[in-house]
Each structure stands twice: as C-alpha cells, then as structure tokens.
Amino acid sequence: MYIIIIGGGKVGYYLARALLDEGHEILVVEKDPDRNEFICGELGSVCVRGDGCEVATLTEVGTGRADMFIAVTGDDEDNLVACQVAKHKFNVPQTIARTSNPKNETIFKTLGIDVTVSSTNIILEHIEKEVPTHPMTHLLDIKDKGLEIVEVKIPPNATTIGKAVKELKLPKESVLSLIIRSRKKPIVPTASTVLQAEDQIIAVTTPESEEALRTALRGS
Amino acid sequence: MEFNKILVPVTGTPADDEAMRLACRLTKKNKGKIWAVYVVTVKRSLPLDAEIEPEIKKAENILDRIAIVAEEEDYEIETDLLQAREVGPTIVDEAVEREADLILMGVIYKRRFGQFSLGNVVPYVLKNAPCQVILYHQYTPR
Amino acid sequence: MPPARLYYIINILLGEFAIMKVVIMGCGRVGARLAGLLDIEGHSVTILDTDAYSFRRLAPEFGGTALMGNGVEEESLKKAGIEEADAFVALTQGDNRNVMAAQIAKHIFNVPRVLCRIYDPLRRELYNTLGIETFSPTTIFAQMLKEKLEVEE
C-alpha cells in the first residue's frame with residue numbers, strides 16, 4: 001500500500017517506521033527542515049518538506065495514487081483540512097486524522113473523515129479498564145452500526161441483586177449477551193437468570209442508552 | 001593520488017567525459033574498478049518501479065556513450081542504471097555498497113535565483129560521502 | 001451615542017431593518033472593522049479571539065460583545081451564542097482554523113449564513129465546492145491590482 005503521513009513529529013516518525021517495517025511504501029510530509037533531515041537520515045528518502053494541507057504539495061507527492069492518508073500533526077484543524085483535501089481533491093479511499101481535543105472525534109466524523117483517533121480518549125479508555133471500581137467499561141465500538149459492547153460489574157450493594165433479568169428495566173436498544181460469574185465460567189443469560197453480586201455482565205448497547213442500561217443493572 | 005574503486009555519477013553533460021577520463025587515469029596503474037552510474041529519478045506520483053521509457057532510453061544512451069569514452073582511454077568500465085526518488089542519497093548508498101574509495105563527478109556552472117548554485121545533489125554527496133570526493137568543473141567560456 | 005447608530009435604532013423601531021446576530025472569529029484588522037461596521041448599524045455582534053490583546057483594535061464605542069475563546073472549540077462557540085446566530089464569519093490568520101470553525105458552524109450548529117476567509121486560492125476553491133462560502137484575499141487583491149494597472153495611467 002502507498003501510505004502518506006502528514007506530520008513528522010514523534011507520532012508521524014514512529015508510525016512511518018512501523019509501517020515501513022510492514023513493507024508499505026511510505027511518505028512523510030513535514031514542514032520543518034531539521035525534522036525533515038532527521039527523518040531522511042533515519043529512514044531514507046521517505047520524507048518531503050512541505051505543507052500537507054496544500055494542494056500543490058499533495059499533487060507533488062502523488063496523493064492521487066495513495067491508498068491511505070494519515071494526518072498526525074499536533075494541530076487538529078490542520079489534520080482535518082489535510083484529510084478533507086486528500087478525500088475531496090484526490091479521492092483517497094481511507095483518511096485517518098489524529099485529534100488532541102476528544103470532542104473533535106464526533107465533529108470530524110460528521111465532516112466526513114473516515115477514522116478519527118483521539119489519544120486523549122484512548123488513554124481514558126485504558127484508565128477505565130484498569131480502574132476496577134469504574135461502573136462501566138467500554139470494550140468495543142461497532143461504529144458503523146452505532147453500537148458498542150460494554151462490561152458492567154454488579155457491586156455487592158446493588159439493589160438489583162436477586163432479581164431476574166426479566167424484572168430489570170432494560171432499555172430497548174440493549175441486549176445482555178453474557179454473564180461471567182466465577183472464573184472461567186461464562187453464562188448466557190435467559191429471562192429467568194438471577195443477578196448475583198460480583199457478576200460481570202457483557203452487554204451490547206447504543207451509546208445513548210448506556211446510562212439507562214447501567215441504572216437498570218446496578219440500581220440507583 | 002591513487003584509487004582502486006571509483007564511482008562516477010553521470011548526468012549527460014560534457015563534464016561527464018572529462019571526469020571519466022580523469023577517473024581512468026587515476027586508477028590505471030592499479031588496474032582498479034570504475035563504475036559509471038546514472039540515477040533516473042521517479043516522481044512520487046508514480047510507483048518506484050514505474051517504467052519511464054524515454055528516461056530509461058536517455059540514461060542508457062548516456063551510459064553507452066560514457067563507456068565508449070572509457071574505451072578510448074583503453075579502459076573497461078561497468079555501467080549501472082538506478083531508479084530512485086532522490087539522486088544524492090542514491091549515489092552515497094551506491095558508494096557505500098560498492099566500498100568505493102572515490103566519488104568523481106563532473107559539475108557545470110549554474111546560476112539559480114541569481115546566485116551560483118551547485119544544486120542539491122553535490123552538497124549532499126559532499127556532506128554524506130563515505131569516501132573521498134573529487135569534483136571536476138568543466139570550463140565553458142561565456 | 002453616535003448619530004449613525006441612533007439613526008439605525010430609529011429604523012429598527014420603525015421596523016424597517018432586521019437585526020442580525022453575527023459571530024465573528026478573529027479580532028484582527030478585518031475582524032475588528034467588520035464588527036464595528038455591523039455594530040454601528042445596530043446588529044448584535046460577538047467577536048471571538050484567543051488573545052485578549054487583539055481586542056484593542058475594537059473602537060472604544062463598540063457596543064457588541066468581545067469574548068476570549070477559540071472558535072474551533074464547541075464550548076467557545078456556544079458561549080458566543082452560535083446556536084442563535086444568523087451568521088458566522090471566520091477571520092483568523094489560519095486558513096485551516098477558519099475552515100474548521102466554519103464547518104462546525106455550518107454542519108454542527110446549522111448557522112444559516114457562514115463566511116470564511118481562506119488565503120490559499122486552491123483550498124478556497126475546494127471548500128467552495130464543499131458548500132462553504134469562502135473568500136480568498138489573495139485572489140481578490142491580486143485581481144484588483146491587475147485591473148488597476150491595466151486601466152489607469
């Protein structure tokens with residue numbers, strides 16, 4: 001694959017290195033001449049000096065034949081514009097933008113960027129997984145269907161302990177798919193399955209009904 | 001000065017011929033090796049292995065001609081056609097790989113933006129070469 | 001109160017003039033001037049800039065709101081009243097910042113009228129085709145100078 005990376009900072013450089021190791025054709029576009037020289041010195045002639053938001057630069061580096069376009073500069077707005085130019089002017093099939101402000105993830109999506117990566121959100125997700133007291137953990141996003149898979153733990157003091165699944169006020173969009181009770185023993189819940197303390201419940205839900213699902217499972 | 005492995009990058013200017021003659025004389029006594037290389041630069045808009053017919057033909061002609069120049073000096077050289085994104089790093093890599101002890105290249109006087117300019121290849125080679133470098137400047141009366 | 005403004009207020013009271021609520025991002029020379037022109041005609045103007053020092057460019061009699069904030073952030077735009085705005089104008093020095101803010105105004109907050117300055121003519125063209133009303137001072141000014149040179153002695 002021919003992959004163009006905009007921004008030769010730390011993220012851009014290590015990304016280029018990893019993708020080169022996988023055997024892809026890589027090109028980094030970087031404004032700063034010193035950074036440019038550093039990357040060429042380390043990785044060979046894979047870096048061009050220029051502004052990755054400018055049509056002229058992108059024409060020169062052959063964006064028209066790129067399979068993937070990744071913008072990882074430190075500025076969200078530059079990443080957005082670079083990806084939009086690549087998408088609308090050069091018809092690159094896959095555009096990926098990095099955002100620093102987590103709120104921009106949804107904005108970029110609305111504005112047509114294929115994939116948006118927010119390092120802030122990624123770190124937050126990891127914290128959720130690592131902190132055991134967190135009531136709900138995001139396991140996976142099924143973005144194109146608007147669904148997500150989450151894990152909910154039932155605390156020892158939950159008001160729902162002893163209730164059967166059919167008695168819970170589950171939101172319509174949520175489905176309980178698995179209950180992990182003791183080690184190595186998953187149960188597929190039925191309407192009559194009764195909740196116990198320390199149950200770990202894996203459920204599919206929409207982001208909107210996340211809150212309602214949590215309340216239904218743990219009580220208020 | 002004596003050398004055993006000389007790399008002569010050529011570009012098709014009159015300076016190439018004199019540079020080649022000089023290379024032959026510098027290594028004749030030692031019966032050293034000479035490589036003439038031509039680098040075809042491929043624009044990023046094309047894949048690196050694209051076959052750019054007119055460019056390749058031109059390069060082959062230049063290399064054939066430079067081999068004849070060497071023959072006139074009673075010397076047999078090897079020629080090499082390389083395809084790359086940038087000329088400078090390719091010449092340096094080639095010199096490293098062949099363990100050349102000299103890079104000998106002809107330059108012509110150029111002006112860019114009103115100032116004397118060596119372009120970007122020569123300065124890169126001077127800065128990064130793994131061996132000695134001789135620049136031959138062809139005098140062209142103005 | 002300057003007489004011009006008084007005149008417009010009378011007009012408004014007579015119902016002959018519609019007040020626009022305009023949010024301007026970037027208090028440079030153009031932004032400050034535009035804010036002043038709109039304000040004096042009685043429109044409701046909010047001007048945003050990341051640097052409070054830029055607000056020195058506003059005339060002392062400016063009656064609108066000057067707000068510190070970044071126009072590419074939703075919160076700042078909300079604070080500036082983007083949700084009720086009739087128009088949004090992006091006038092910072094950064095082409096990309098302008099175009100991002102303009103798109104947020106248009107596609108997230110559905111502002112009816114969005115204008116955006118883009119210095120780079122090629123990017124301007126692209127975003128025009130993407131439905132943002134864009135202007136390139138580079139193109140306009142170069143064209144104007146050329147016409148001046150051709151016409152006048």
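Predicted model: local features only at pLDDT ≥ 70, side-chain atom pairs only at ≥ 80, totals over all residues.

**How the chains meet**
- Chain B puts 7 residues into its contact with chain A, and chain A puts in 8 residues.
- Sort the chain B side of that contact by class and you get 2 nonpolar, 1 polar and 4 charged residues.

**Ala71 in chain A**
- You'll find Ala71(A) in strand β4 of chain A, which covers residues 68–71.
- Ala71(A) counts as buried because it has 29 C-beta neighbours inside 10 Å, and the cut-off for buried is 20 or more.
- Leaving out residues up to four places away in sequence, Ala71(A) touches a set of residues that includes Ile6(A), Gly7(A) and Gly52(A).
- Also among its contacts are Asn79(A), Ala82(A), Cys83(A), Ala97(A) and Arg98(A).
- Ala158(A) sits 87 residues away from Ala71(A) along the chain, and 45 Å separates their C-alpha atoms.

**Two helices in chain B**
- Helix α1 (residues 14–27) of chain B packs with helix α2 (residues 53–72) of chain B at an angle of about 40°, and their axes are 9 Å apart.
- That angle is why α1(B) counts as oblique to α2(B).
- The crossing of α1(B) past α2(B) is right-handed.
- From α1(B) come Asp16(B), Asp17(B), Met20(B), Arg21(B) and Cys24(B), which meet Ile66(B), Val69(B) and Ala70(B) of α2(B).
- By class, the residues in this contact of α1(B) with α2(B) are 5 nonpolar and 3 charged, with no polar ones.

**The sheet in chain C**
- Chain C has an open sheet of 6 strands, paired in parallel and ordered β3-β2-β1-β4-β5-β6.
- The edges are β3 (65–68) and β6 (133–135) of chain C; each has a single partner strand, so one side of each lacks a neighbour in the sheet.
- From one strand to the next, the twist averages 15°.
- Strands β1 (residues 21–25) and β4 (residues 87–90) of chain C run parallel and are joined by 4 bridges.
- Val22(C) has Ala87(C) as its bridge partner in β4(C).
- Helix α2 (residues 29–40) of chain C packs on this sheet, touching β1, β2 (44–49) and β4 of chain C.
- The direction of that chain C helix makes about 165° with that of β2(C).

Notes. Residues numbered from 1 in each chain as written. Chains lettered and ligands numbered in written order. Contact = placed C-beta atoms within 7 Å. Nonpolar A, V, L, I, M, F, W, Y, C, P; charged D, E, K, R; others polar. Buried ≥ 20, exposed ≤ 12 C-beta atoms within 10 Å, placed from the backbone. Axes fitted to C-alpha atoms, helices over the stretch in contact; angles between N-to-C directions. Parallel < 35°, antiparallel > 145°, perpendicular 65-115°, else oblique. Left-handed = near helix turned anticlockwise from the far one by under 90°. Pairing = 2+ DSSP bridges.
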